[in-house]
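Please read it with the structure open.

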Amino acid sequence: METSSLNVLLVGITIVFFALILLSFTLYLFGKIFGRRKNRKNNDETEKSSDQITIEGVPDKKIIGSSIENINDAELVAVLTSAVQTYMGREIKNSLKVKSFRRVDKASPVWNTTGKIEQISIR
Amino acid sequence: MSNFFNSISNLLSSSGFAGGFDYWLNYVLMLIAFLLLYFGIVKKCEPLLLIPIAFGMFLANLPNTDLMHPELFSGDHVNIQQLVNEGGLLDFLYLGVKLGIYPPLIFLGIGAMTDFGPLIANPKSLLLGAAAQTGIFATFIGARLIGYTAKEAGAVAIIGGADGPTAIYTAAILAPTLLGAIAIAAYSYMALVPFIQPPIMKALTTKKEREVPMKQLRPVSKLEKVVFPVVVTLLVVLLIPKSAPLVGMLMFGNLLKESGVVNRLTKTVQNELMNIITIFLGITVGATMSAEKLTQPGYGFQVVGIVLLGLVSFSIGTAFGVLFGKILYKLTGGKVNPLIGSAGVSAVPMAARVSQKVGAEANPRNYLLMHAMGPNVAGVIGSAIAAGILISMLQ
């Protein structure tokens, strides 16, 4: 009896570890393959965008960049204004004007933020 | 007029009041059912399952109901003709347990609700999921030594996987007579994770180890998430074909979710299907806990053994997960917090939350939740594989 039980123990642990190590290795390869694909894709995209600049014949890359930024800025100002208005209530409806904004770097990674929210919700 | 009185007297004589309870154990089991209802409703311990299980137990112990006939399922084969002629409502619903239909369907829903991203981002998590399954096999030996048959020992040991559907699936195949007790023990221990695990985790780790913050996980692309369920199914099912119902359904559910093109199906398996199966599974599993069975010689001893061995199995699983976490801590030069190892027993997401909580106690700036989700979902795959191995070797 004990031999067969020991057999189940050893075979069981060996196969569980083998299966999960195999999966772990496959996932590791996943990371390598998909990471490389992503890098290549990013490189292609950068090349394409620089090609576009030369095709369009715009010599200064910064000009395109700033014009796109300006369009985004207008949208961003609208979004920020409405967000602040919603947050502060109706009473200051017409007196609010966003004059400037500054991007603040994220203080903590997204997973940490998720963790914090989780922590708060279970307390 | 006499007809009226005769009818009334016939009705009364066939009522539960006249017949009374067949066994004193009916009262005990009904009290246990009420206790479980209390835990489910007031203490909110796994209420989604504990309430149907407790009510099923309550119904099965009421006299003269003919709802459930455990004797119809006592042999290896179910006599369908006899079942059709004599079966009650719960007998028919129980077929889903007996034939191993409900647990894989629950896995389908779990797969559709699980994000394997943290596991894909950190493949080392799988090793922690494997280490935590050690409790299952160690308890198998313990159960054999105290007199359980090999099949019963396998069914009892799987409680250590802390995965209700897996425990029910394995018990229904290996030891159907112990199914009710095993299911209740498995779900009770899953609900008790926040009490059972922390002392073990703290005893096996130093404060310095518990304080270790972990690096942010890499982002996982959609393509990886879509390929993952297909690759896991291919590898695991080729290796352990008996794990196909559980692993196959788990991964199918996950593919539905990650494909992003079948939202209707995903929502159905996450909600309606999962809820319906949970009701059927809970009420029928509870109904298997009838007094008739408990009065069989030696059954009471077996039930006590299940409760104790389940706890042992679960504790060993937690301990091995943490110890393997410590090995990874050493091997990676202190980059892995060993606390995430305890999440390798399934119990999603409770075990991961416990890792987070104990980690935050040691270092309030420590956020381990997503890191612990990796071993946690690896534990689901690991316990399904362990179940497949036990069924292959013992059936």
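This is a predicted model: local features need pLDDT of at least 70, side-chain atom pairs count only at pLDDT 80 or more; totals for chains, interfaces and linings use all residues.

1. Chain A, overall. Chain A has 3 helices and 0 strands. From the N terminus the order is α-α-α. Of its 123 residues, 10% are buried.

2. A position in helix 2. A:Leu76 sits in helix 2 of chain A, which covers residues 61–88. Buried would take 20 or more. A:Asn112 is 36 residues from A:Leu76 in sequence, and their C-alpha atoms are 26 Å apart.

3. The contact between the chains. Chain A contributes 32 residues and chain B contributes 37 residues. On the chain A side, two or more residues come from each of helix 1 (2–56) and helix 3 (110–122). Helix 1 of chain A gives the most, with 22 residues. By class, this side of chain A has 21 nonpolar, 8 polar and 3 charged residues.

4. A helix pair in chain B. Helix 4 (residues 47–60) and helix 18 (residues 263–287) of chain B pack with their axes 6 Å apart, at an angle of about 40 degrees. Why is the pair called oblique? Angles under 35 degrees would count as roughly parallel, and roughly perpendicular begins at 65. The angle of about 40 degrees falls between these cut-offs, so helix 4 and helix 18 of chain B are oblique to each other. Their crossing is right-handed.

5. What lines that packing. From helix 4 of chain B, the residues in contact include B:Leu48, B:Ile53, B:Phe55 and B:Met57. Those they meet in helix 18 of chain B include B:Ile279, B:Ile283 and B:Val285. By class, the contact has 13 nonpolar, 5 polar and no charged residues.

6. Backbone points to check. Most residues other than glycine have a negative phi, and most peptide bonds are trans. Where does chain B have a cis peptide bond? One joins B:Val348 and B:Pro349, with omega about -10 degrees. B:Pro349 is in the loop between helix 20 (299–331) and helix 21 (350–362) of chain B.

7. Positive phi in a loop. B:Asn64 has phi near 60 degrees, and B:Asp66 has phi near 55 degrees. B:Asn64 lies in the loop between helix 4 and helix 5 (80–86) of chain B, and B:Asp66 is also in the loop between those helices. B:Asn64 has 13 other C-beta atoms within 10 Å, so B:Asn64 is partly exposed. B:Asp66 has 11 such neighbours and therefore counts as exposed. The cut-off for exposed is 12 or fewer.

Definitions and conventions. Residues are numbered from 1 along each chain as its sequence is written. Chains are lettered from A and ligands numbered from 1 in the order in which they are written. Two residues are in contact if their C-beta atoms, placed from the backbone, lie within 7 Å. Helices (H or I, at least four residues) and strands (E, at least two) are DSSP runs, numbered from the N terminus. Ala, Val, Leu, Ile, Met, Phe, Trp, Tyr, Cys and Pro count as nonpolar, Asp, Glu, Lys and Arg as charged, and the others, Gly among them, as polar. Axes are lines fitted to C-alpha atoms, for helices over the stretch in contact, and angles run from 0 to 180 degrees between N-to-C directions. Angles under 35 degrees count as roughly parallel, over 145 as roughly antiparallel, 65 to 115 as roughly perpendicular and the rest as oblique. A crossing is left-handed if the near helix is turned anticlockwise from the far one by less than a right angle, and right-handed if clockwise.
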